[in-house]
Amino acid sequence: MSDPVRVRFAPSPTGYLHVGGARTALYNYLYAKNHGGQFILRIEDTDLERSTDESLRMQISDLQWLGLNWDEGVDPETLESKGGYGPYRQSQRLEIYQKYCVELLKSGKAYYDFRSDEELEKIKNESEKFTRIPRPDNILDYEEALKKVNSGVPAAIRFKVEGGEDHVIEDLVRGEVRLPEDMVGDFIIMRSNGMPVYNFCCAVDDALMKITHVFRAEEHLSNTLRQKMIYEALGFQLPQFGHLSLILGADKQKLSKRHGATSCNQYRETGYLPKALLNFIALLGWSPGQDQEILSLTELIEKFDGTRLHTAGAVFDQDKFKWMNSVHLRALDNSVLWDLLKPLFERENISLPESEDFIHKSLDIFKPKMETLVDAPELYRPIDGKLFEVTEEGQEVLNWEETQKVLNAWEEELKLNHALYLTGEEFDEIQNRVKEKAGVKGKHLFMPIRVAVIGKPHGADLKSLVPLIERQSLLARVKKCRGEA
RNA sequence: GUCCCUAUCGUCUAGAGGCCUAGGACACAUCCCUUUCACGGAUGAGACACGGGUUCGACUCCCGUUGGGGACGCCA
């Protein structure tokens, strides 16, 4: 039997979780769950300048919002490592990297590079068609170099790339990928400040943490070559790689900030549902093979076995995402949806009844009109009498010739009723009487009434809407429309 | 520039040699439902980048061209 599946998501805490990162996390998560394996969260925080605990907390919060829970890694509350292969923050694993680095140094597979930034910059600029940093002319042997370093001369450590042979990677997505070794030059594994670098940590950690499968973006293909060399130099067993196609913007370039919203948090704040985001990004570069497009996380787990991954890049289509969100939104239970909406109403100071009856009746009307959660306040605002106001479009309707007659009759009818709320049937009757009294029909009848109810000529069906608003409030609104308030 | 990856409607995709007159979804158009707005329903328009092979037969396999993307950091 093969080893139990262990996959990881390894973000660097330098900002919010990007949708590309979220998809990588999702695919790894799905693969683990589909195979009954473990999903590990490792933090790649070796870039001291850019990594912050604040960013780490943001990333964790985004992952939790998405519901991608990990079996091992940092604890979401304490940020402490939890699991049998820790610590899971690279900044806490420095001794481990040190040890393997010395091993490479001693065996001559890595060397100290004493060249300064300026020198390297100069080398780069000298040749117009620069591809990779050349090896320094004089490499000191380990003992000698160590002395120099100990005397205070800064040096980075580079891995020696011998070149010559081709490396073949059996990629889960692309099949056989052939990478010539001299595609890359001697690369840095340890900075002159003593901090190890991504490719080195990643290889060491994946090996030590017994990672079996790595799904990551295509941009890492050349890193995979570097990591493979490290694996071989250290005698580790290589995991299976799957290089995912990139998520692109509308211009087909790698999705980045200039394309607009790219962080999960931005979608969270603009009223998107985590299940919609998960569903949408899952289908960006993967397909379950059937026509079904609306999938729950459980269904995704069931269907995602690591095959059917697409090789070409996929454009993130905002329109389709919005549509998908609206589908998930409409499938939500009224009470669940209401709980999500409540904070939004509070934020905009919209006061609403909270009876079961109101929640269900109002959501039945407004749910089909929402694409994202943030559409709700605009829809509900007209229900709150204190926020009633007439839009520009509504004002035009009020200026119609017949409108006064309609409004007079409407007000009269409202006064004749004594109930707290009108029923839909009562509204129908009233509307009929208004029609007769004012002698107006069609849109010249119902549009003025609608403006007198919600302040604008378009919106939900009045028969369902009117019973949600207190009769007294309706009366106050007509008055306001006639300039009496 | 060098190397790597890649190519089906505008977009996401189905298609693993004959099932393809190329299917679905978003967006778009028209119609129906509706006294408005949505939702819903129906219909329509819309693609195999190009050129060579292989084969009785290529969207599917191979090669090339062209297009697109990525990497070439003491970032990850």
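## Terms and model

Helices (H or I, at least four residues) and strands (E, at least two) are DSSP runs, numbered from the N terminus. This is a predicted model, where local features need pLDDT of at least 70, side-chain atom pairs count only at pLDDT 80 or more, and totals for chains, interfaces and linings use all residues. Residues are numbered from 1 along each chain as its sequence is written, and side-chain values use heavy atoms, leaving out hydrogens and water.

## A strand pair

Start with strand E5, residues 110-113. Ala 110 and Tyr 112 point one way, while Tyr 111 and Asp 113 point the other way. These residues are all buried, meaning under 20% relative accessible area, with exposed over 50% and partly exposed in between (1.4 Å probe, protein chains only).

E5 runs antiparallel to strand E6, residues 156-159. The two are joined by 4 bridges; strands pair if DSSP finds at least two bridges between them. Tyr 112 has Ile 157 in E6 as its bridge partner.

Most residues other than glycine have a negative phi, and most peptide bonds are trans.

Pro 87 sits in the loop between strand E4 (81-82) and helix H3 (94-106).

Lys 252 counts as exposed because its relative accessibility is 58%.

Note on methods. Chains are lettered from A and ligands numbered from 1 in the order in which they are written.
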